[in-house]
Amino acid sequence: MTAPDLPADLKAALDARLQGLSRTDAAGRAALISKTYRDGGGSGAIRSEVDALAYAMARMPATYAAVTASLNAVRAIRPDFAPKSLLDVGAGPGTASWAAAAAFASLQRFGLLDANDALRALALDLARNSPRLRDIRYRHREARAALADAEPADLVVASYMIGEVGATERSTLAELMWAKTRDTLLIVEPGTPAGYGRIIAAREQLIGTGAHIAAPCPHDGKCPLHAPDWCHFTQRLPRSRAHKQIKEAELPFEDEKFSYVALTRAPVSRRPARVLAQPVVTKIEVTAKLCTADGLVIARVPRRAKADYARARRWRWGDAVMAED
Ligand SMILES: C[S@@+](CC[C@H](N)C(=O)[O-])C[C@H]1O[C@@H](n2cnc3c(N)ncnc32)[C@H](O)[C@@H]1O
């Protein structure tokens, strides 16, 4: 499975871009962009080269880690999936394309699209020296128009994108993205109740048009979770020195919470249960919250069931687990 930290050539390309740039200026811009996001705004605040770089330094490591974790979950369920083409919708600095390139050696064609020219320029610059990504095709266009005449792809990804458009437009984009999906559509959002709400709406909409779920759900039925609960996962990622400086943070790591759904054209044959929270391990038992084909289950695996207990001790939040795992 792919590691959650940025690949070495991407880190090097980001570091090269940072040369000569004041970290204080970049941190200031990153703080402003983050505030815009917190206040419900989108990437419209990213206008200049410095803005784009500040956004990438502050957010690319976390969104890369979330997309990587989601793709790892897809690969665990479908080890034989070998997409040749990718369509990265709302690609920004190209995060999901880098993550998909690392996850799938089979990928040969990378199509990206985004309405933000500063992020597009940065993406092209970051990819320039990458053997896998230097030939990306990146269209600078609004998603609905770009999708209408985009080439279909085996894998379509929308990473941290659908939250930037209104509900009606989101539903249209979901339909258009699905129409361009030959095999798998992955949508990743922040792991907040609102992000989960957008994932669930797209999930229901597309199941209604014949899609199946590969991950995280072990079924195509209604989500068994009810508010205030919501389905989300977490991925720990290392913070580089520059990343800490830009975020004005002390800790050498951060935990990115994300929600996702991977929809496929054909039903998947393996439908393992999904671990929905970090299991609690005591000397008496392992208690784990599982989403199963039959709904939500709180599994209790007693220590006296030695082999099962040993297996359950290894379960982690987000894992897909079979009875024999
Ligand atoms: C939060 S960024 C995420 C970027 C990248 N996918 C990532 O995961 O790092 C959202 C991106 O979606 C793009 N976007 C939002 N609405 C769009 C639209 N209607 N058409 C095209 N791009 C859009 C923004 O320009 C921005 O680059």
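Student: How are α3 and α4 oriented to each other?

Tutor: Two packed helices are described by the angle between their axes and the distance between the axes. Helix α3 (residues 49-77) and helix α4 (residues 95-103) pack at about 40 degrees, their axes being 9 Å apart; α3 and α4 are therefore oblique to each other. Angles under 35 degrees count as roughly parallel, over 145 as roughly antiparallel, 65 to 115 as roughly perpendicular, and the rest as oblique. This is a predicted model, in which local features need pLDDT of at least 70, side-chain atom pairs count only at pLDDT 80 or more, and totals for chains, interfaces and linings use all residues. Residues are numbered from 1 along each chain as its sequence is written, and side-chain values use heavy atoms, with hydrogens and water left out.

Student: Which residues of α3 and α4 make the contact?

Tutor: Contact means heavy atoms within 4.5 Å. From α3 the contributors include M60, Y64, V67 and L71, and from α4 they include W98, A99 and A102. By class, the contact of α3 with α4 has 10 nonpolar, three polar and one charged residues.

Student: How many disulfides does a search of the whole structure find?

Tutor: A disulfide is a covalent bond between the sulfur atoms of two cysteines. The criterion is a pair of cysteine sulfur atoms within 2.5 Å, and the search of the whole structure finds zero.

Definitions and conventions: Axes are lines fitted to C-alpha atoms, for helices over the stretch in contact, and angles run from 0 to 180 degrees between N-to-C directions. Helices (H or I, at least four residues) and strands (E, at least two) are DSSP runs, numbered from the N terminus. Ala, Val, Leu, Ile, Met, Phe, Trp, Tyr, Cys and Pro count as nonpolar, Asp, Glu, Lys and Arg as charged, and the others, Gly among them, as polar.
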